[in-house]
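These are my notebook entries on one protein chain, set down in the order in which I looked things up.

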Amino acid sequence: PSGAEAEVRHGAVTWLDFRSDDLARARDFIRSIQEEGVIDELGFLALLGRFSDLLHPATTTLMRSARYFYFIAGIYRSLEREAVRASQVPQLSRQRQDELRDVLSETEAVGVIGRDAGINLRQFPSLIYWSGLKKLGMFTSNLSESAYQEQFDDIRRSRRGYQDDDKTPQGPEGVRFWADDLPPAGFLDSEGRIRPGATFELTRAEASDLHMRFTSQFPESLLSHMLQHRLVGIDWPWECPKLPKGLAVWVGHARRLSLLVRGATLQYYALLIEARDKLGIEKAADVVAPIFEDWWTAAREPLNQWRTSELVTVPTVASALRPGNRGDRWFIDGWLERCVEASSAEALLRDEKARTLIRERERRVKPAKARLKYEKHLRQWKPDRVGVGVYQFDYRHGIGSRFASEILDGMERGQ
């Protein structure tokens with residue numbers, strides 16, 4: 001889970017048991033849709049994204065089932081074989097994805113992209129999965145989806161051996177945009193339409209292919225570690241066992257950042273509630289203090305041990321840090337210092353230096369919408385956003401866990 005909607009859970013580590021896969025996939029899906037609405041009140045989305053890409057690469061918060069990778073590849077490869085014109089591709093692609101949605105809505109209870117939106121769907125599965133298709137080497141070009149669609153006339157000419165008036169072959173010869181070793185799209189009929197009964201269950205060939213792509217392209221990622229050690233049903237990245245040294249360092253920093261941002265966000269909420277009360281907007285109960293007490297119990301020891309100077313050694317993270325003498329390191333180190341020096345949860349929550357850091361941070365990351373500065377935005381905020389839990393981010397772990405479960409499940413199938 002993520003943001004103020006996170007909940008404390010202490011699920012035991014479990015090894016793969018295919019008799020319990022349905023439960024594991026359902027839990028991972030619930031986590032994935034919670035992550036989509038991740039709450040970032042104090043401007044840490046860049047760091048969240050970098051850590052998420054390290055732990056669960058080639059994923060996004062909008063993804064659902066891993067089989068969408070093959071659905072999209074299959075649809076486009078079929079359109080290439082059908083030699084459709086470039087001007088027809090956008091409409092035909094949307095039409096095939098609409099058909100996919102309708103079929104999956106009959107066979108799957110959760111995770112169907114566009115089930116509720118229907119014809120009003122704004123982000124089709126192809127757009128959501130496109131960057132992942134490229135990162136996994138399934139789509140072999142750097143083109144965007146729309147730029148790829150524009151290539152279909154060249155694809156058609158090259159496959160038909162197009163010649164001009166003097167019989168000279170024209171256009172790129174043998175244009176290819178998809179990996180040659182992709183598994184066959186058995187979910188499509190001879191006309192390229194989605195077969196009734198298609199589901200999210202990966203075939204053995206699809207699962208083996210995706211396992212190979214994740215572990216070869218991203219061997220140091222947490223997702224690859226989960227695949228290699230057959231780990232499912234783990235609630236948080238830092239609960240995964242047998243982490244190699246380098247990955248353990250990344251995960252340790254990710255955990256402490258999640259804890260720190262959650263604590264700072266709770267203090268920010270306390271300031272908002274007090275400001276609303278002072279202006280007579282709404283008299284709210286002290287909902288933050290008991291949640292902050294639970295956070296303090298879980299967070300104080302790991303935060304006391306955090307060496308933030310080592311944060312810049314994590315790949316790609318240093319470039320995501322806000323620069324300047326009032327940047328991310330200034331806030332992280334300053335708020336962490338107040339946390340370490342505080343004698344209790346109540347002392348930290350009331351610490352004026354920590355509160356000053358929060359006020360300054362809000363003004364810097366959202367200067368035009370700072371709630372502690374502008375009454376209009378303060379009135380729009382509601383205390384029900386506080387939620388429960390001790391972590392702010394799970395770094396797309398719900399998505400990665402679902403993918404791992406689906407892949408490992410599929411590799412056990414006999415087809």
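I count a residue as buried when its relative accessible area is under 20%. With that cut-off, buried residues make up 52% of the 415 residues in the protein chain. I keep in mind throughout that the model is predicted.

**Entry: overall make-up.** I looked up the secondary structure and found that the protein chain comes to 16 helices and two strands. I then turned to the contacts with a separation of 6 or more, and noted that 78% of them are accounted for by residues 24 or more positions apart.

**Entry: cysteines.** How many disulfides does the count come to? I looked for pairs of cysteine sulfur atoms within 2.5 Å, and the count comes to zero disulfides.

**Entry: Ala198.** I placed Ala198 in the loop between α7 (152-159) and α8 (204-217), and its relative accessible area of 8% makes it buried. Which residues is Ala198 in contact with, leaving aside its neighbours within four places in sequence? I listed Val103, Leu104, Thr107 and Phe187 as the contacts of Ala198 on that basis. For Leu104 I also looked up the C-alpha separation from Ala198, which is 6.4 Å, although the two residues are 94 residues apart along the chain.

**Entry: aromatic pairs.** My search of the whole structure finds 28 aromatic pairs. In one of them, Phe69 and Phe403 have ring centres 5.9 Å apart and planes at 70°, so I recorded the pair as edge-to-face; the angle that counts for this is over 60 degrees. The pair links distant parts of the chain, since Phe69 belongs to helix α3 (residues 68-81) and Phe403 to helix α16 (residues 397-411), 334 residues apart.

I then looked at Phe139 and Trp178, which form an edge-to-face pair with 4.9 Å from centre to centre and 70° between the planes. This pair also links distant parts of the chain, 39 residues apart: Phe139 is in the loop between α5 (125-135) and α6 (145-149), while Trp178 is in the loop between α7 and α8. Phe139 counts as buried at 1% relative accessibility, and Trp178 counts as buried at 6%.

I noted one aromatic cluster formed by Tyr68, Phe69, Phe71, Tyr129, Phe187, Phe200 and Phe403.

**Entry: a charge over rings.** Over which rings does the charged end of Arg361 sit? I found the charged end of Arg361 over the ring of Phe44, at 4.3 Å from its centre, and also over the ring of Phe331, at 5.3 Å from its centre.

**Entry: cavities.** I searched for cavities of 30 Å³ or more and found that the structure holds one; the largest cavity has a volume of about 50 Å³. I wrote down its lining as Tyr70, Ala73, Gly74, Arg77, Leu182, Pro183, Pro184, Ala185, Phe187 and Glu206. Which element gives the largest share of that lining? I found that α3 does, with four residues.

Conventions
Residues are numbered from 1 along each chain as its sequence is written. This is a predicted model: local features need pLDDT of at least 70, side-chain atom pairs count only at pLDDT 80 or more; totals for chains, interfaces and linings use all residues. Side-chain values use heavy atoms; hydrogens and water are left out. Buried means under 20% relative accessible area, exposed over 50%, partly exposed in between (1.4 Å probe, protein chains only). Contact means heavy atoms within 4.5 Å. Rings of Phe, Tyr and Trp (its six-membered ring) pair if their centres lie within 6.5 Å; planes under 30 degrees apart count as stacked, over 60 as edge-to-face and the rest as tilted. A charge sits over a ring if NZ of Lys or CZ of Arg is within 6 Å of the ring centre and within 35 degrees of the ring normal. On a 1 Å grid over the protein atoms alone, a cavity is a set of points where a 1.4 Å probe fits but cannot get out, and a pocket is an open set with protein on both sides within 12 Å along at least five of seven lines; lining residues have an atom within 4 Å of a point. Grid points are joined across faces, edges and corners, and a volume is the space filled by probe spheres set on the points.
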